[in-house]
Amino acid sequence: MKLPTFLGGVHPPEGKASTEDKAVEGLLPKGDLVYPLSQHIGAPCVPVVAKGDHVRVGQKIADSEAFVSAPIFSSVSGTVKEIGPRMTIPGSLEPCIVIENDGLYEEGPSLLEELGHKPEPGEYVKLIRAAGIVGMGGACFPTHVKLSPPKGSVIRWVIVNGAECEPYLSCDNRLMQERPETIVRGLELVLELFPEARGVIAIENNKPKAIEALSGLVAKWKNPRISVMPHKVKYPQGAEKMLIWSVTGQETPPPPALPADVGCIILNARTTYQIWLALTKGQPVTDRIISVTGDAVAEPKNLEVPLGISVQELIDACGGFKSNSGGKYPPETPESNSGEKCPPETPGAPVKVLAGGPMMGLAMRSLDVPVVKGTSGILALTAKSAWIAEEGACLRCGRCVEVCPMRLEPTLLDHAVRRRDYAEFEAHGGMSCIECGSCAYTCPASRHLVQSYKDGKAAVTAARRAAAAAAKAKAEAAQKLETEAKK
Ligand code: SF4
Ligand code: SF4
């Protein structure tokens, strides 16, 4: 049978064998818990607790009045030890709340207790916001915003993204296998909000157990609005635009168009699980499953951990690294006679640790950083499997063009950015790049293409902001002159 898919894309080695059959294990933290105030796209939160306060599990510790934002909750009971800058996964110091765990895991009141009754559909979106739910696949877009499409849009598809196309990661696969009823029930709850929509659970065909578990439930519960749709295994099948294309056959227009503009809402599998938790148990986002994997990890696992736990504790819970580096990262890099840094020769030593998968993950500089809502995986790679090649000149081979799922011309965009010709970058659709890394993966010259597009997008965004600020200042000055002239 021909499985649905999209045009372009690549087939990187899956690397999932070391975790896909490992049941999820719980892990309790040993050290302090650290919560960055920005764990979502949108306005950062501000603390609603102060140093010395006692907090319980599920108690709100930070929030914002902005619509595009999501509150943050304590995942343990204990005492607020500090509010201040701490190192985070991207390698920058960010304002954080630090909580000293008392080890009692004393539960706070549930969101449903506060509500006082079983939630009605009209209260779902408010509760989802109150639970701090964001896109748990890594995008971290607040879910209540996604579930509030612009007036006039008709939602015809709610798609649960169970593709998990990033190599190495198995956290969504395990969730769908081990708790399938929560995914189907979560989707049913969302469908109550969109009476004209059908629900599709989209899964890559390399997850037969998850497909079987979910299809079995859908058949048993006989909800005619829900189906499970296996997809061809191809990266980046889980990207929103690729899923919309392969499920509905529709193309999403370039930004600022949203999936809702083509009648679609896409929810990651874990996000759907969190919706179920919030609406049926009143639980906010306090935990998540993380695949801790890669050929440098002694015993790869899927761990369910409280948010705020340090990445080092996750590595320790997996037996540390295979080398005897004492669990340290980054490793000491010996210097050659010419003074150049050499990659460590020790077998099993990590040379690269990523938050996320190898295609879109973020290289980390330290393991002493906290897990946040969007952390789906920790991938530690040895020199053998890490992709550290020297960049060469473009060979004009056109491979990047063939694989780009957004039908862009990656080489042209790259040249435009390197010439700092951001107008050309924009004119050729650079802002539509989804940073999937398919072009870089296939490039024989190891061009640093994704970094180039990130730079291009940042420059265009900064120029747009500056132009908007200048236009606003001009309009204000004109208004002031007019007011003075009238006096
Ligand atoms: S140009 Fe962007 S969207 Fe296209 S393959 Fe490269 S990273 Fe992906
Ligand atoms: S794949 Fe690499 S070498 Fe080939 S055209 Fe694209 S950027 Fe140039």
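**Domains, ligand shell and a buried tryptophan**

Student: How many residues of domain 1 are in contact with domain 2?

Tutor: In this predicted model, 24 residues of domain 1 are in contact with 23 residues of domain 2. Two residues are in contact if their C-beta atoms, placed from the backbone, lie within 7 Å.

Student: Which elements supply at least two residues of that side of domain 1?

Tutor: They are β1 (25-26) and α4 (171-178). Helices (H or I, at least four residues) and strands (E, at least two) are DSSP runs, numbered from the N terminus. The largest share of the side of domain 1 that touches domain 2 comes from α4, with 3 residues.

Student: And by class?

Tutor: That side of domain 1 has 13 nonpolar, 6 polar and 5 charged residues. Ala, Val, Leu, Ile, Met, Phe, Trp, Tyr, Cys and Pro count as nonpolar, Asp, Glu, Lys and Arg as charged, and the others, Gly among them, as polar.

Student: What are the domain bounds?

Tutor: Domain 1 is 1-28 + 132-285, domain 2 is 287-388 and domain 3 is 392-487. These bounds come from an automatic or database domain assignment. The C-alpha centres of domain 1 and domain 2 lie 27 Å apart.

Student: What conventions apply to numbering and confidence?

Tutor: Residues are numbered from 1 along each chain as its sequence is written, while chains are lettered from A and ligands numbered from 1 in the order in which they are written. As this is a predicted model, local features need pLDDT of at least 70 and side-chain atom pairs count only at pLDDT 80 or more, whereas totals for chains, interfaces and linings use all residues.

Student: Switching to ligand 1: which residues are the closest?

Tutor: The closest are Cys404, Cys433, Cys436, Ser438 and Cys439, from a shell of 15 residues. A residue is near a molecule if its C-beta atom, placed from the backbone, lies within 6 Å of it. Two or more residues come from each of α13 (438-442) and α14 (449-486), and α14 gives the most, with 3 residues. The shell divides into 12 nonpolar, 2 polar and 1 charged.

Student: Is Trp276 buried or exposed?

Tutor: Trp276, in helix α8 (residues 269-281), is buried because 22 other C-beta atoms lie within 10 Å. The cut-offs are 20 or more such atoms for buried, 12 or fewer for exposed, and partly exposed in between, with C-beta atoms placed from the backbone.

Student: Which residues does Trp276 contact?

Tutor: Leaving aside neighbours within four places in sequence, Trp276 is in contact with Thr182, Arg185, Gly186 and Leu189. The C-alpha atoms of Trp276 and Arg185 are separated by 6.6 Å, although these residues are 91 apart along the chain.
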